[in-house]
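Here is a friendly walk through a few spots in a protein model. Have the sequence and the 3D view at hand as you read.

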Amino acid sequence: MAKRIVLITGSLAEPRVKRIAAELNDADLEPIVASVGVKVAALMTTEIVERRLKLPENADRVILPGRFRGDIDRLSDHFGTRFERGPEEIADLPAYLGQTARKVDLSEYDVTIFGEIVDATLMTPEQIVERSRKMRADGADVIDLGCLPDSPFPHLEASIAALHADGAKVSVDSFNSEELSRATRAGADYLFSLNEKTISIVDEGPAAPILISAGAADMDSLDRVIDIMIAKGRPFYADPILDPIHYGFTASVARYYDLRKRRPDIPILMGIGNVTELTDADTTGINALLMGMCSELHITAVLAVQVSPHCRTAIKEFDRARREFYAARKAEALPQGFGEGLMALRDRKGFASTPSEITALAAEIRDQNYRIEVAEDGVHIYNRNGHHVSEDPFQLYPHLDTRADPGHAFYLGVETARAEIAYRLGKRYAQDEPLQFGVVAETKGAADDAHLLKFKEAGTTLPKSSKAD
């Protein structure tokens, strides 16, 4: 039998809730819309619900609007049925009901992130440790010390020791054989980038090598050095090298595919910096695509760098990508619906309401408080004195009466600016809530909770400053 779910609403939102309920109605779910006789559901109290709600028979769950501030436990006890808060936006009801059946676990992943400090030779051990802590907080599992050409690294050993003392694993990236030898003798965990000519360095210490070919795209050379490490019975990663776009990118992608096809069981690493750093494009999409390659080819390590300003969240993005894609692969599903950590510029459902729905709601408003919403035709602002819409907030200003309250004028300026950004990008806008940009610019909550619907604590719209300006 279908589960009977009661959706509580006010009269203003009732038509929208009924439309969504009709879309949700199927063999497994029977949504029933119940209005308690108030216009705005968020203004309901516990007492009003107890007095006015006529609960349908055999209700399995009762879902209240997310902005309801009453006592959920008291209502559950009073009616003998489970009451719960739903999402704050009506348009999120389908996603909310789906999430109750499948909670997304983003705690697991199978890709190791090496985070490179490219200018380690120019930093003190203390500065390196400080930088590493931020990178590890963002998701890096191994801190890679980058060695610059013609830049001495006399404090290499001290830096490795300091990172180990701070609980970090360490790799060293250098084309200088002497520096690699010093690194493994000092206890480094990994060495970049060893080939046929330098593979003997692995016998000088415990470090696991990241193997590359002796010449550009020489896969035979890479195969030979892989065989050497297999014969030694030592751990390693193989790296066919991902090249920049227009400088062999497509051919390098094919090398990863060919290597995995020929050697299905070896561990492979991909250095993503040649694409993220050397492409003028937002890194969230690039990292998602590269993570897709890693997921399909079972590439279990990446080397990420954050040198260019537009790549400053590359490690955090890849950490999110490896979690979402692992969950999707485990569920044998597309990487959709496993969180929105990489949805920085746009949202899957950008507009919560249609222009006609906002117009109908605005016609019923009888107070002077301004409501702001975003739809496909622009930014809407309305109260009892009128309803105005424009793509440009400056065109809305002449219609707003804020002369008696400078603080409210500031608030409306902030909110309409947010609304314009949401309209331009196609993002979800909710008045009094910050815009969400995934892990790129987190505004609240942890990255692992970015996909969850949270109940916001009650509070004033424009909080007073804790101290005088």
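This is a predicted model: local features need pLDDT of at least 70, side-chain atom pairs count only at pLDDT 80 or more; totals for chains, interfaces and linings use all residues.

Which residues of helix α1 are buried? In this helix, which covers residues 14-24, they are E14, R16, V17, I20, A21 and L24. Looking down the axis of α1, you would find these buried residues within an arc of 160°, so they line one face of the helix.

## Where α11 meets α12

Next, turn to helix α11 (residues 283-297) and helix α12 (residues 314-330), whose axes are 9 Å apart and which pack at an angle of about 45°. The two helices are therefore oblique to each other, and their crossing is right-handed.

On the α11 side, the contact is made by T283, T284, N287, A288, L290, M291, G292, C294 and S295. From α12 come A314, E317, F318, A321, R322, F325 and R329. By type, the residues of this contact divide into 8 nonpolar, 5 polar and 3 charged.

## A proline in a loop

Finally, find P240 in the loop between β10 (237-238) and α9 (249-262). Is P240 buried or exposed? Its relative accessibility is 6%, so P240 counts as buried.

Beyond its neighbours within four places in sequence, P240 is in contact with M219, L222, R255, Y256, L259, I268 and L269. From I5, P240 is 235 residues away in sequence and 54 Å away in space, C-alpha to C-alpha.

Methods:
Residues are numbered from 1 along each chain as its sequence is written. Side-chain values use heavy atoms; hydrogens and water are left out. Axes are lines fitted to C-alpha atoms, for helices over the stretch in contact, and angles run from 0 to 180 degrees between N-to-C directions. Helices (H or I, at least four residues) and strands (E, at least two) are DSSP runs, numbered from the N terminus. Angles under 35 degrees count as roughly parallel, over 145 as roughly antiparallel, 65 to 115 as roughly perpendicular and the rest as oblique. A crossing is left-handed if the near helix is turned anticlockwise from the far one by less than a right angle, and right-handed if clockwise. Contact means heavy atoms within 4.5 Å. Ala, Val, Leu, Ile, Met, Phe, Trp, Tyr, Cys and Pro count as nonpolar, Asp, Glu, Lys and Arg as charged, and the others, Gly among them, as polar. Buried means under 20% relative accessible area, exposed over 50%, partly exposed in between (1.4 Å probe, protein chains only). The arc is that of the directions from the helix axis to the C-beta atoms.
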